[in-house]
Amino acid sequence: MNIFVCVKQVPDTETKVVPTGDGSYIETNSIKWILNPYDEFAVEQALQVKAANSGSTITVVRVGGVKDTEALRTAMAMGADEAILIEAGDNVDSYMTAKAIKGAIEKSGKNPDLILTGKQAIDDDCLQVPQLLAQMLGMPSVSVVVGFEQDGDGYVLKREIEGGTIEVYSANSPAVVACNKGLNTPRYPSLPGIIKAKRKPMEKWTLSDVGVADSDRRVNYSNFQLPPEKPPGKKFEAMDEGVQASVVSEVVNLLRTEAKVI
Amino acid sequence: MSKILVFSELAGEHVKTVTMEILGKMDGLHADVAVVGDLPQAALDDLAKYGAQNIHCLKGDNLEKYSPEGYAAALKTLIDEHGYDYVFAGSTSMGKDLLPRVAGMCDAGMATEVTNFTMDGGTFAGTRPFFAGKCLAKVEVQGPKPHFVTVRPNALGLNDSTTAGAGTKSEVAVSTGDLKAIIKEIVKGASNKLDLTEANIIVSGGRALKSAENFKILDEMANVLGATVGASRAAVDSGYATHDMQVGQTGKTVAPTLYIACGISGAIQHLAGMRTSKVIVAINTDPDAPIFTKADYGIVGDLFQIVPLLTEEFKKVL
């Protein structure tokens, strides 16, 4: 099987975000980049599918800035076979990203049997690329997937919706599957894996190599700024059992009369 | 003048509230609504009250259950027929899954999960969070129309002064073609509560709960308040709560009216996911816990003592 995994490189979740002076994006100089956490579930699923289907190849594709190749190296250290990096700015939109991935898959000459992604990237939280890519490639897509089984030529996929309800899909192959936490437990890259990853092939293409032009931009982001700070709230000391009842009573009263939320 | 279509979902006899939140921002513009299947009278009345002109009920084969391909094909038919400039939907499980597919069919752009927007001169400009709310940015859409937008539930609030619309209902027959992915079964979640992303009140627990069993005291308080129970990543990773309960940058971003954080210290990625809650109550034994910097009302105390007292107090007043 030809398995593609689409990954994004994002700032670590503990990053303190600082908008640039002109508001065009955030300061990226001192950021620690990581493989998008949801993409780890996609890489792990690809490895499990490969283990069950001998002769499979896993190709990881990433569109984005090139300050660091951490995301692709992590995916290959986990066990992916090869990588494609499409060099672009930090702020490409979902449409350009999906179109670039489509172009990269076509340029690779491999017919995909399965395309795995994370359910969303934790930087822009757009949740668009899996569905856009599926539409562009004429494939079905199932998102927020927490259960994955191969079933003959197709897949049985569990998608989580509101309230923990599960929709069980039967999907034809090839398909785009966007993975959520809970699908599997991603393995840690082993030391030999990390060393081997350095020698695995990584193609580097530009956006124009994969047929994406400036005119493909659909969404503009600007005026990045920190959210307004809340004024300091009221704090009550209630470690002492003697005051707890009156503190609780006061807070409930404030919720009714001051905040008016209950 | 811009023509707007709002895609809506049913929740029982009514449509999801986010539809009315969106309609409430369209005052003076022509706004229609699309639903799949039939619409009860109560829902129709709600939509008309908030300004919906035409209400299209989409019907056809393959639409009994949701599928991205089927619903997208149905919406595309309607869009082509009426030449809409904008298509809005709530940023729900379905909205988030469906709209990018329709946008792809139209080669058009989409703004995901805006928390506010304007339609000055009939042109959309929105605000949306990045990094789960650590910062905000302005979002504008360009290129082929229609432009697509999903809106976070509870973020806009209901506008009471909206002009009513005609609310004319019509059935639209659509053809979806063959589907490559279909739902063969739906397994209901254990909870009959509103999802965290739609909940008006959330009671959330952290690692200090110490066990899954102890979440019961949060359930009790949540039942009194009609709240949904959430959890921090630490609690989920420790196995005290399931992942669909996780609030934060790698879980759900929430915007309830009231968020009660119990035994949550307030890691940066958790704060990002809940900071837009209107009112935040925090209970923690550590007076320096970062959660207190975001709390409107902080109680420095042991949640195992405070939560049962709160539950009793809520019972008294509600």
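**Two chains, one predicted model**

Let's start with helix α1 of chain A. Tyr38(A), Asp39(A), Glu40(A), Phe41(A), Ala42(A), Val43(A), Glu44(A), Gln45(A), Ala46(A), Leu47(A) and Val49(A) are buried there. Buried means that 20 or more other C-beta atoms lie within 10 Å of a residue's own; exposed means 12 or fewer, partly exposed is in between, and C-beta atoms are placed from the backbone.

A word on the source. This is a predicted model, where local features need pLDDT of at least 70, side-chain atom pairs count only at pLDDT 80 or more, and totals for chains, interfaces and linings use all residues. Residues are numbered from 1 along each chain as its sequence is written, while chains are lettered from A and ligands numbered from 1 in the order in which they are written.

Back to α1(A). The helix covers residues 37-52, which is 16 residues. From first C-alpha to last, α1(A) reaches 24 Å, close to the expected 22 Å. That expectation is 1.5 Å times one less than the number of residues. Helices are DSSP runs of H or I, at least four residues; strands are runs of E, at least two; both are numbered from the N terminus.

Now chain A as a whole. Chain A has six helices and 13 strands. Its C-alpha trace spans about 70 × 45 × 40 Å along the principal axes. Of its 262 residues, 50% count as buried.

How many residues are in the largest nonpolar core? The core has 187. Val5(A), Ala75(A) and Val177(A) have the most contacts inside it. Such a core is a set of buried Ala, Val, Leu, Ile, Met, Phe, Trp, Tyr and Cys residues joined through C-beta atoms within 7 Å. In soluble globular proteins, nonpolar side chains tend to be buried together.

Take Val177(A). Leaving aside neighbours within four places in sequence, its contacts include Leu114(A), Val142(A), Phe148(A) and Tyr155(A). A contact means two C-beta atoms, placed from the backbone, within 7 Å.

Next, Glu70(A), which lies in helix α2, residues 70-78. Why does Glu70(A) count as partly exposed? Because it has 15 C-beta neighbours inside 10 Å. Beyond residues up to four places away in sequence, Glu70(A) touches Gln9(A), Trp33(A), Ile34(A) and Leu35(A).

On to the interface between the chains. Chain A gives 73 residues and chain B gives 78. Elements giving two or more residues on the chain A side include α4 (129-137), β7 (141-151) and β12 (219-225). The largest share of that side, 10 residues, comes from α6(A). By class, the chain A side has 37 nonpolar, 19 polar and 17 charged residues. Here Ala, Val, Leu, Ile, Met, Phe, Trp, Tyr, Cys and Pro count as nonpolar, Asp, Glu, Lys and Arg as charged, and the others, Gly among them, as polar.

β12(A) runs antiparallel to β10 of chain B, residues 135-141, over five bridges. Pairing takes at least two DSSP bridges between two strands. Val219(A) has Val141(B) as its bridge partner in β10(B).

Last, domains. The bounds come from an automatic or database domain assignment. Chain A has domain 1 (2-216) and domain 2 (230-262). Their C-alpha centres are 46 Å apart. Chain B has domain 1 (3-173) and domain 2 (201-317). In chain B the two centres lie 32 Å apart.
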